[in-house]
Amino acid sequence: MQKSGLSAFLARRGQALSRIWQQYGGLDLFRNIGERTLNTVSRLGRATLFLYETVVGMTYLVPRFSLVVQQVFNVGVLTLLIILVSGLFVGMVLALQGYNTLVTFGAEESLGLVVALTLLRELGPVVTALLFAGRAGSALTAEIGLMKATEQLAGMEMMAVNPIKRVIAPRFLAGVIAMPLLATMFSAVGVFGGHLIGVGLVGLDSGSYWSQMQSGVDFYDDILNGLMKSVVFGFTVSWIAVFEGYDAVPTSEGVSRATNHTVVYSSLAVLALDFILTSLTLGEV
Amino acid sequence: MQQKRIFELWVGIFVASGLAALAVLAFKVGDIGSTEVSQPYVLKARFANVGGLKVKAPVTMAGVRIGRVSGIQFDSERYQALVTFSVDGRYKNIPEDASASILTSGLLGEQYIGIEPGGSEAYLKDGDVIQLTQSALVLENLIGQVMVKLTEGSSNGKDK
């Protein structure tokens with residue numbers, strides 16, 4: 001059937017347009033966005049269900065506490081050295097930097113207070129959490145991911161052992177236990193590192209270093225607050241680490257990507273949570 | 001079995017040193033022992049101006065810390081500040097005619113309450129109000145007074 005004039009022209013234009021539309025993917029852009037959103041949401045949902053199962057699965061550990069002890073060794077004791085050394089250096093750097101700033105105001109006597117408050121409120125929990133994510137979190141993810149890739153987790157299920165209870169729960173709990181202890185040690189070592197520089201190198205009076213610190217640091221507002229932060233960070237980092245391992249694509253590439261995700265996501269989560277927690281606690285004052 | 005015992009030993013050392021670090025922070029850094037006032041009783045005082053006084057500021061007598069400020073409110077009937085502070089129960093014999101003043105430690109240091117004893121035989125009890133008070137020195141007012149003095153001095157000099 002022959003079309004005449006205008007309608008034939010429009011039909012040709014229309015075909016050309018639809019060819020271009022298909023060539024450039026049409027609505028693919030929006031489809032991609034939709035797919036990614038659905039993936040993210042379902043991943044978050046899986047992570048939450050996974051956390052629920054892990055926490056419920058902790059009852060399994062009550063008669064088998066040695067599983068947790070083993071993991072506290074892996075997660076905590078093996079991380080101890082890097083935490084102590086970093087704490088010492090962070091405290092020393094804080095003392096040097098703080099002294100240089102404070103001396104211009106003639107307030108170098110407050111050096112102890114500055115070092116202690118910075119460590120207890122911020123640097124102790126945050127730096128420990130970042131190091132913990134790099135040292136312990138990545139190891140957890142790689143271990144669990146490899147267990148999945150080599151089908152050890154599936155093997156456990158075949159033997160009627162729930163891998164979430166047997167493998168995941170002790171590692172998660174160990175992370176939550178170890179993190180506040182590590183952060184406390186970081187702060188304590190940092191304060192002594194500051195003392196080393198402030199009193200040993202710069203020549204402040206040891207008495208004023210401690211007394212200014214003691215008059216300015218509050219047990220509840222500063223020490224317990226920092227401890228609370230480190231518990232939250234430990235929870236977050238351990239959760240991300242075990243979930244990334246458990247949810248990893250079971251190939252060597254998938255495990256390496258999951259390990260990478262653990263470090264990136266936990267660092268971001270720690271820094272963002274730190275801002276939220278700080279603004280909540282300082283908002284009360 | 002031997003392996004397991006070594007793990008347990010290390011974890012025990014780890015947890016113990018974590019708790020020890022917390023104790024160091026609490027007692028050496030935070031000085032939890034001396035910030036607590038034992039068996040406190042409450043005294044009050046009204047000030048025309050509290051300046052930069054803050055809650056938890058020390059309350060001293062003869063320079064020795066005997067308590068701390070527990071609350072600062074505005075008394076809207078008298079247009080004054082009502083400062084509540086708790087004093088250690090060991091120091092029960094503060095005379096009734098004691099005076100409280102807001103002082104500054106150092107030139108720009110923190111402000112605290114200093115209590116001067118009076119001569120009365122009767123002692124302040126829990127909840128009593130100290131009658132004699134002296135407000136904080138506000139630097140702007142002080143400078144204003146000095147300026148007035150200076151201008152008066154120069155005008156007097158011209159008259160003579």
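Start with the salt bridges: a search of the whole structure, over all chains, finds 11. A salt bridge here is a side-chain nitrogen of Lys or Arg within 4 Å of a carboxyl oxygen of Asp or Glu. Before you click further, note that this is a predicted model, in which local features need pLDDT of at least 70 and side-chain atom pairs count only at pLDDT 80 or more, while totals for chains, interfaces and linings use all residues. Residues are numbered from 1 along each chain as its sequence is written, chains are lettered from A and ligands numbered from 1 in the order in which they are written, and side-chain values use heavy atoms, with hydrogens and water left out.

**Stop 1: Lys229(A) and its two partners**

Select Lys229(A) and Glu122(A), a salt-bridged pair whose closest N and O atoms are 2.8 Å apart. The pair links distant parts of the chain, with Lys229(A) in helix α8 and Glu122(A) in helix α4 of chain A, 107 residues apart. Helices (H or I, at least four residues) and strands (E, at least two) are DSSP runs, numbered from the N terminus. Lys229(A) is buried, at a relative accessible area of 4%, whereas Glu122(A) is partly exposed at 26%. For these words, buried means under 20% relative accessible area, exposed over 50%, and partly exposed in between (1.4 Å probe, protein chains only).

Is Asp274(A) buried or exposed? With 9% relative accessibility, Asp274(A) counts as buried.

**Stop 2**

An α-helix has 3.6 residues a turn, so residues three or four places apart point the same way. Glu253(A) is exposed, with a relative accessible area of 52%.

Next, select Arg43(A), Arg46(A), Glu244(A) and Asp247(A) together: salt bridges link these residues in a network.

**Stop 3: helix α7 of chain A**

Show residues 206-216 of chain A, which make up helix α7, and colour its buried residues Ser208(A), Tyr209(A), Trp210(A), Met213(A) and Gln214(A). What do the buried residues of α7(A) pack against? They pack against α4 (111-149) and α6 (163-201) of chain A, together with α1 (2-29) of chain B.

**Stop 4: where chain A meets chain B**

Now show both chains. Here 28 residues of chain A are in contact with 22 residues of chain B, contact meaning heavy atoms within 4.5 Å. The area buried between the two chains is about 2200 Å², and carbon and sulfur atoms give 82% of that area. Buried area is the accessible area (1.4 Å probe) that two parts lose on being put together, summed over both. How many salt bridges does the rule find across the interface of chain A and chain B? The count is zero.

On the side of chain A that touches chain B, α3 (65-102), α4, α6, α7 and α8 (219-246) of chain A each supply at least two residues. The largest share of that side, nine residues, comes from α6(A).

**Stop 5: two positive phi values**

Go to Glu151(A), in the loop between α4 and α5 (152-158) of chain A. Its phi is near 60 degrees, a positive value in a residue other than glycine. Glu151(A) is exposed, with a relative accessible area of 58%.

Then jump to Tyr79(B), in the loop between β3 (64-75) and β4 (80-87) of chain B. Tyr79(B) is not a glycine, yet has a positive phi of about 55 degrees. This tyrosine, Tyr79(B), is exposed, with a relative accessible area of 63%.

**Stop 6: chain B, inside and overall**

Select Ser101(B), placed in strand β5 (residues 99-104) of chain B. Ser101(B) is buried, with a relative accessible area of 9%. Leaving aside neighbours within four places in sequence, Ser101(B) is in contact with Phe47(B), Tyr112(B), Ile113(B), Gly114(B) and Gln134(B).

Finally, zoom out and colour chain B by its division into domain 1 (2-32) and domain 2 (37-142). These domain bounds come from an automatic or database domain assignment. The C-alpha centres of domain 1 and domain 2 of chain B lie 42 Å apart.
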